[in-house]
Every structure is written in C-alpha cells, then in structure tokens.
Amino acid sequence: MSNENVAQRLYLGIDLSTQQIKCIVIDEQLQTIAEEAISFNDKSLLVHHVQPNGFVVDKNDKRCITTPVFVFLEALDVALQKLSDQKKFDFSNIVGISGCGQQHGSVYWKTNTELGSLKADTNREQSLSLVNMLKSSFSRIDCPIWMDSSTTNECQSIEKSVGGSQNLFQITGSKAYERFTGSQIMKVANKTPEIYEQTERIQLISNFVTSILLGEYAPIDLSDGSGMNLLDIRQCKWSNACLDICGKDLERKLSEKLVHPRTALGNVANYFVERYGFNSQCQIVSFTGDNPSSYYALASDPKTIVISLAELKICLGTSDTVMGAISANEMPKQALDGHLLVNPLANDRDNTLLMLLLCFKNGSLVRERVREETGSKDWHEMSVLLSQTTPSNQGFIGFFYDDHEILPQNIQGRFYFNADNQTVENLEAATKARAVLEGQCLAKRLYLQRANIDLTKNVDRIVITGGASVNVDLVQILADIFGKPVYAAVAPNSGALGGALRAVDVITEKSNSTTSSVECLIAAQPRSQYTAVYDEMLLRYTKLEEKIIQDGK
Ligand code: XUL
C-alpha cells in the first residue's frame with residue numbers, strides 16, 4: 001500500500017525510558033488515538049524482566065547501574081503487541097514513527113548481521129521475536145544507564161585531557177559527568193578491552209531503537225549526542241580531543257555521521273510489517289533523548305521556558321527540570337552545572353540555537369515533606385496556611401537541600417534566614433510553607449539568569465508539566481517571580497508525544513510551530529507589583545546562597 005492511499009494518517013511516538021516503554025498514537029489533528037505502556041519489571045515480559053525496579057544495581061558496586069539490552073527488545077515487542085490487541089486503529093495507517101530514549105545510556109553491538117535480517121524481505125516465522133532474532137548481536141548485554149555513577153576517575157581524565165572542566169564545557173556544553181556516555185565508554189574500553197575490541201558499533205538508547213525499527217544502524221542525533229561529553233555542540237561534529245581519550249577508533253564505532261533529530265531515515269523494517277501489519281512505506285524519523293523530546297513537545301517556540309515539576313517520578317528522583325533556548329553566541333563563559341544541548345527546535349542549517357537543561361535535585365519530594373511538616377494534609381490545606389503570608393514572606397528566605405543538591409553542587413541541609421539575613425533555627429509553619437515555594441522558584445530564575453538567558457528579552461511564557469499545576473500557589477509564585485504567564489501542558493507522556501509530533505512535522509514538512517504545539521491551559525498570570533518585590537528578593541537570595549556555599553567550604 002502506498003502512503004498516499006492511507007485513509008487515516010496516524011503517527012506513533014515511543015519513549016524507551018528508565019523503567020518502562022511508553023507508546024502514543026496520534027492523528028494529524030494531534031488527537032490521541034491510543035496509548036500503551038509496559039514496565040521493565042512487568043511479569044508479562046516473560047523472559048527478560050528485572051525486579052524490583054526495571055534496572056540492575058550491581059551487588060558489589062552500587063554505583064554501577066545497567067539494564068540488559070534484551071529487556072528493551074522484549075518490552076518493545078510486548079508494547080507493540082498490546083497496542084495491537086487494543087484494536088483501536090489499523091497499524092497500516094501509521095505513516096510515521098519517532099520517539100526518544102532515556103539519555104546517556106549506551107548499547108554495544110558486536111555485529112549488524114541479525115539486525116539486517118529484520119529488514120530482509122522474507123516470510124519469517126511469526127514466533128520469532130526481536131530477542132530471538134538479535135540474540136547474538138551484542139558484545140555486552142548490560143547497558144550502562146544514566147543512573148550509573150561509577151566513572152569518577154574517567155571523568156577526571158576527560159577533563160584533564162582537554163585542559164580542564166571549563167574547556168570541556170566550552171566544547172561539549174557540559175563539564176564531565178559520570179552518567180554521560182563518554183566516561184562510560186572509556187570505562188568499557190579500559191576495564192574490558194576485549195569487549196571494546198569486539199564492539200562494532202556503540203549507540204545511545206535513542207538511536208538503538210531507531211536502528212531496530214529501521215533494521216540497520218541509525219546515526220546518533222545531535223541533541224541526544226550532546227549528552228555524551230564527546231560532541232562539539234557548536235560545530236555539530238565529534239570532538240577529536242574527547243574521542244581520542246575515551247577509546248581507540250571511537251569515531252568509527254559511533255559512526256561519523258550525526259543527524260538533526262528531525263531527520264527521516266527510511267522505511268520501517270519488514271519484521272514490523274509482517275508481525276504487526278505496519279505499512280511498508282511507514283517512515284522512521286530519528287529518535288532523540290527524552291528531555292529534548294519533551295522540550296520539543298512543550299516549547300512551541302524558543303521563547304518558551306519548560307519547567308517539569310514532576311510529582312510522581314519514581315527514579316528521576318523527583319527533581320525539577322528546567323529547559324529553555326539559548327543562542328550559542330550567548331553561551332556563558334563560566335562553566336555551568338547545567339547542560340547545553342543542540343536544540344531540537346533549531347532547523348538543520350542553524351547550529352546557533354542551543355537548549356539549556358537544568359536539574360534541581362530537591363524538587364517535589366521536598367515540597368511534599370514541607371507540606372507534611374506544616375501539618376497540611378493536602379495542597380488545599382497548605383493554601384489556607386499560605387493565605388496568612390504575603391509574597392516575599394516578610395523577608396524570610398529558606399534553602400531546602402534535603403538531598404545533596406546539583407544546583408548548587410553538593411550542598412546539603414536546610415538554611416533559614418530572617419529579613420536581616422541572620423540565620424534562624426526553624427520557620428513557623430505558614431512562613432515555612434511560603435519559603436519552600438518561593439525558594440525553589442527563585443533558584444530557577446537565578447540559574448536561568450546565570451546561564452545568560454535574558455528573561456525580559458528572550459522569554460514570553462513558562463509551560464509547566466508533571467502534574468504540579470494542582471499546586472495553585474506554586475504556579476502563582478512562579479508567575480510572579482518570573483513576571484511571565486504560566487501555562488499547564490495537557491500532556492502526561494511528553495517524551496513519546498514529542499516523538500509523534502516530530503514524525504508529523506517531518507512527514508507533513510511543516511515546522512513545529514505551526515503544527516505541533518501541545519494544548520496548554522493558562523494556569524497563572526504574573527502580578528507586576530509582586531514581580532518588583534521578587535526582583536529585590538532575588539538579590540538577597542543570591543547573596544545568601546553564596547554565603548551558604550562559602551560556609552560549606
Ligand atoms: C538528563 C538525565 C535524565 C535522563 C532520564 O541528563 O540524566 O533526565 O534523561 O531519562
């Protein structure tokens with residue numbers, strides 16, 4: 001069947017994340033037709049499931065965290081089968097597939113011979129699954145994932161080899177991080193040279209899924225590739241200095257070619273046509289990392305800041321994530337503890353638009369804890385408490401780093417100050433309730449400013465996601481502190497959706513701003529009289545944060 005004859009044109013988005021695979025099918029009007037998910041600890045993954053969390057923590061070294069590649073493969077088959085069992089649509093109507101994967105994880109291929117047979121035009125036995133067909137394809141079964149933190153020494157070597165963390169940041173957009181793929185590859189190359197030697201191709205989780213769907217090796221995309229400490233993000237090509245230190249012949253193993261995440265790469269492999277009834281003309285668009293993919297779905301243009309205030313993420317900690325656009329010409333001189341990635345909204349001829357990713361470790365878990373400490377059963381009760389206080393909290397400021405924070409790096413503890421900047425032991429319930437919400441929102445504005453994002457010139461609005469819009473006070477404080485309207489996105493699976501939307505955009509040849517903006521509802525308007533008060537408060541917040549860092553040294 002040719003694509004032109006397809007009556008209902010559908011698009012499939014897939015997100016292979018840390019603990020599960022999620023699928024969404026949308027039509028050209030961007031309406032959701034079906035959704036499906038399967039957890040990596042689910043027993044319906046008959047052979048390859050991992051208890052209790054869907055990833056494996058090494059018994060001898062808890063910093064080593066992996067997921068067997070066969071879990072990913074079986075989960076993909078089971079998710080597609082369950083989607084098909086729903087009988088909500090005809091697979092032959094899917095004209096495009098794209099998606100995303102958890103960032104930084106790596107897959108080690110020994111050979112692509114079996115991969116090629118997914119593409120081959122044969123009437124293969126229906127019972128042969130992806131796991132059966134690819135059982136001898138990998139040189140290493142366990143894929144290191146982003147939760148792995150075992151590569152501190154390798155990170156030091158990478159920074160040293162390019163003349164320090166500042167230089168590495170200027171080249172790759174990030175200082176060296178244990179979870180980033182470069183140091184993970186270096187560990188494989190140094191600790192298990194025989195495995196490294198046998199490895200023909202190293203992929204990220206994202207282009208691994210693209211490869212399975214295509215039946216051939218797919219290139220790494222520039223946005224997810226920016227999470228490796230190996231890519232020169234401004235030149236949009238590999239950095240030889242970084243490649244050389246991480247492994248011999250690494251460019252060949254990664255493939256020289258890099259693509260923009262909005263690139264059509266070919267038709268779906270025959271395996272999927274025969275097994276699930278996909279249209280043989282269905283196009284595969286490059287997958288990317290989960291964060292860039294969510295950003296793509298939620299930021300309709302570079303003047304939108306996306307803030308994920310996840311309330312229920314189990315293993316992403318429960319961190320708050322902030323994503324925004326930044327021009328490469330305005331890249332901060334000083335290295336950040338955040339990350340700069342190639343922006344998926346940029347078109348492929350424009351390599352000046354970058355994406356900033358900031359991760360605040362102390363997010364919703366701390367908000368929940370403070371709510372309990374103030375004796376409020378829910379956000380509504382906390383609202384009643386908050387109504388006894390006024391914006392800027394009569395000068396009280398709190399820093400709530402219950403867990404070792406990332407921004408600022410490695411600080412732990414609670415720090416409370418009064419209007420005279422003096423340390424106080426504790427805060428009274430209503431003041432504490434306001435202090436946690438104001439403190440978290442001020443930190444977000446401060447770190448965006450430190451990354452050279454000019455809020456007056458370059459930001460029009462904030463889109464929030466992750467279910468936090470139920471917390472009306474948090475949303476209002478965010479609007480007042482930023483002086484921008486806050487919208488709540490109606491998109492629980494924004495990573496998978498970002499994939500489906502990229503497929504729509506590439507296949508219909510329209511830019512994302514005209515077709516693919518997700519439905520957003522206004523959640524709060526800024527009140528200018530309070531924004532002025534918060535401008536002042538931010539200056540004090542900045543000084544007090546510096547003091548906490550100094551005192552901690
Ligand atoms: C980002 C990161 C995580 C993973 C989780 O740097 O490590 O958000 O992408 O899926």
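Reader: How many Å separate the centres of domain 1 and domain 3?

Author: In this predicted model, the centres of domain 1 and domain 3 are 39 Å apart, taken over C-alpha atoms.

Reader: And which residues go into which domain?

Author: The domain assignment gives residues 3-291 to domain 1. Domain 2 takes 300-362 + 460-527, and domain 3 takes 364-443 + 545-551.

Reader: OK, helices now. At what angle do H1 and H8 pack?

Author: About 50 degrees, with 12 Å between their axes. H1 is residues 69-85 and H8 is residues 205-214.

Reader: So what do you call that, oblique or roughly parallel?

Author: Oblique, because roughly parallel would need an angle under 35 degrees. The crossing of H1 and H8 is right-handed.

Reader: Which residues meet there?

Author: From H1, Val69, Phe72, Leu73 and Leu76; from H8, Ile205, Phe208 and Ile212. That contact has 7 nonpolar residues, with no polar and no charged ones.

Reader: Switching to H14 and H16: how do their axes cross?

Author: At roughly 165 degrees, and the axes come within 9 Å. H14 covers residues 364-373, while H16 covers residues 429-450.

Reader: Why are those two called roughly antiparallel?

Author: The label applies to angles over 145 degrees, so H14 and H16 are roughly antiparallel to each other. Their crossing is left-handed.

Reader: What makes the contact?

Author: Val366, Arg367, Val370 and Glu373 on the H14 side, and Lys432, Ala433, Val436, Leu437 and Gln440 on the H16 side. By type, the H14 and H16 contact residues are 5 nonpolar, 1 polar and 3 charged.

Reader: Changing topic, what does UniProt list for residues 144-293?

Author: The unreviewed entry lists "domain: Carbohydrate kinase FGGY N-terminal" for that stretch. In the model, residues 144-293 are 48% helix and 15% strand, and the end C-alpha atoms sit 21 Å apart.

Reader: Now the backbone. Is the peptide bond from Leu407 to Pro408 cis or trans?

Author: Cis, with omega near 5 degrees. Pro408 is in the loop between strand S22 (397-401) and strand S23 (413-417).

Reader: And what about the phi of Cys236, positive or negative?

Author: Positive, about 55 degrees, although Cys236 is not a glycine.

Reader: Where does Cys236 lie?

Author: In the loop between strand S12 (231-232) and strand S13 (237-238).

Technical notes
Residues are numbered from 1 along each chain as its sequence is written. This is a predicted model: local features need pLDDT of at least 70, side-chain atom pairs count only at pLDDT 80 or more; totals for chains, interfaces and linings use all residues. Side-chain values use heavy atoms; hydrogens and water are left out. Domain bounds come from an automatic or database domain assignment. Axes are lines fitted to C-alpha atoms, for helices over the stretch in contact, and angles run from 0 to 180 degrees between N-to-C directions. Helices (H or I, at least four residues) and strands (E, at least two) are DSSP runs, numbered from the N terminus. Angles under 35 degrees count as roughly parallel, over 145 as roughly antiparallel, 65 to 115 as roughly perpendicular and the rest as oblique. A crossing is left-handed if the near helix is turned anticlockwise from the far one by less than a right angle, and right-handed if clockwise. Contact means heavy atoms within 4.5 Å. Ala, Val, Leu, Ile, Met, Phe, Trp, Tyr, Cys and Pro count as nonpolar, Asp, Glu, Lys and Arg as charged, and the others, Gly among them, as polar. UniProt positions are given in the numbering used here, feature names are shortened, and annotations may be inferred rather than shown by experiment.
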